[in-house]
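Here's a friendly walk through the structure for anyone meeting it for the first time. Have the sequence and the 3D view open as you read.

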Amino acid sequence: MRKGLLTIAAVGLLTTGSMTACSGDSGDDQASSAKTPKIGVILPDSKSSARWESADRRFLEEAFKAAGVQYDIQNAQNDKTAFQTIADQMITSGVTALMIVNLDSGTGKAVLDKAKSQGVATIDYDRLTLGGSAQYYVSFDNETVGKLQGEGLAKCLTDQGAKNPVVAYLNGSPTDNNATLFKNGYDSVLKPKFDAKEYVKGPEDAVPAWDNAQATTIFEQQLTKANGKIDGVLAANDGLGNAAISVLKKNKLNGKVPVTGQDASTEGLQNILTGDQCMTVYKAVREEAKAASDLAIALAKGEKKDTGQTVKDPEGNRDVPSVLLTPKAIYKENVKDVIADGYVTKEEVCAGAYAKLCADAGIS
């Protein structure tokens, strides 16, 4: 298992140096010139994953402040109308670069196209907008994320000595291209096992908007449909995984049924320490935010960078210059790596009843 910190795969990406422009915090607009760099960021919500507010906002702010540029970071809270309104306000306020995490490709495309028509540079952050016009795409290798999940579930089932296990899927939002990529990744591991009759394909559902409450209801229905016979759960992120775990707890099956996750959230890491969750996938958001902010700052200055790689947009039939970072599988024995990287703190993960579990896992 890889123990090192994550690195940017696109070796061609050049770091943008700090600037002398006015620094500003969220909402601050003291630009005296239309050429003064100002970067707008639209995050998707705060319910589907804790990362957007606890990690992405924090690390993007750090990067923008370090570069001395003005910025405005807002959250659309899964509201398409709000998403478009925020974008319009940012464009009107004079942002020179706009970074978005789309709610769906249709809404994202409309925002990107309008920004382009107004001469505003654009970046797809974390999620590719299919058919869109972003100048760059910054994310993780999302098929690899899914592959790590599939391999993780297989490892945990093997460790438990499971025979012909029934595996259920809780896929991500059908409007999120990343969810498709994750599924491609874990299918590449698990489908051959289904085809070989080593595993049995159980219920499979996509969870609209990555909604954890809906995921709970969906998994309750899956467990009922399977007559209580589910031996493993491929949950696409920690929130969906925790939803499945809550149902398993009600049925006294938690810890007996391996559950995957993604995002290395505090809750997900705690579930791993208790044995209720098999694994998660850690994505070093600090590196993602740094790569995206470097590109945004360069674009805001009218510069272009060579990322050294591209991602194919099948709907737009174009190759999008991209930066893809490397994800990492996290099990109980290397939960400490996430804390050591500064993504979450020991105080958050090891509070209260988790203190002894942390000590047992070598977290000091």
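Before we start, one term: helices (H or I, at least four residues) and strands (E, at least two) are DSSP runs, numbered from the N terminus. Two strands count as paired if DSSP finds at least two bridges between them. As for the ground rules, this is a predicted model, in which local features need pLDDT of at least 70, side-chain atom pairs count only at pLDDT 80 or more, and totals for chains, interfaces and linings use all residues. Residues are numbered from 1 along each chain as its sequence is written, and side-chain values use heavy atoms, leaving out hydrogens and water.

**The seven-stranded sheet**

Let's begin with an open sheet of seven strands, in the order β2-β1-β3-β4-β5-β11-β10, with mixed pairing. β2 (70-75) and β10 stand at its edges with a single partner strand each, so each has one side left without a neighbour in the sheet. From one strand to the next, the twist averages 25 degrees; for angles like this, axes are lines fitted to C-alpha atoms (for helices, over the stretch in contact), and the values run from 0 to 180 degrees between N-to-C directions.

| Strands | Bridges and direction | Example partners |
|---|---|---|
| β4 (121-125) and β5 | three, parallel | Y125 and V138 |
| β5 (136-140) and β11 (318-325) | four, parallel | S139 and L324 |
| β10 (310-313) and β11 | four, antiparallel | T310 and P321 |
| β6 (166-171) and β8 | four, parallel | Y169 and L234 |

β10 and β11 form a hairpin with four residues between the strands, and there N317 takes a positive phi near 50 degrees. If you're following side chains along the strands, keep in mind that in a regular strand they alternate between the two faces of the sheet.

A helix goes with this sheet too: α2 (residues 80-93) lies across β1 (38-43), β2 and β3 (97-100), running at about 175 degrees to β1. Contact here means heavy atoms within 4.5 Å.

**The three-stranded sheet**

Now for another open sheet, made of three strands in the order β7-β6-β8, with parallel pairing. β7 (200-206) and β8 (232-235) are the edge strands, each with a single partner, so one side of each lacks a neighbour in the sheet. Ignoring direction, neighbouring strands are turned by 15 degrees against each other on average.

Which helices lie across β6 and β8? One of them is α4 (residues 142-159), which runs at about 165 degrees to β8. Another is α6 (residues 212-225), which also lies across β7 and runs at about 155 degrees to β6.

Look for D276 in the loop between α8 (266-274) and β9 (280-282). D276 is buried, a word that stands for under 20% relative accessible area, with exposed over 50% and partly exposed in between (1.4 Å probe, protein chains only).

For charge, Lys and Arg count as positive and Asp and Glu as negative, while His and the chain ends are not counted.

Leaving aside neighbours within four places in sequence, the contacts of D276 include I245, V257 and V259.

Finally, I297 lies in helix α9 (residues 285-300) and is buried, with a relative accessible area of 1%. I297 and G68 are 229 residues apart in sequence, yet 9.8 Å apart in space, C-alpha to C-alpha.

Methods: A salt bridge is a side-chain nitrogen of Lys or Arg within 4 Å of a carboxyl oxygen of Asp or Glu.
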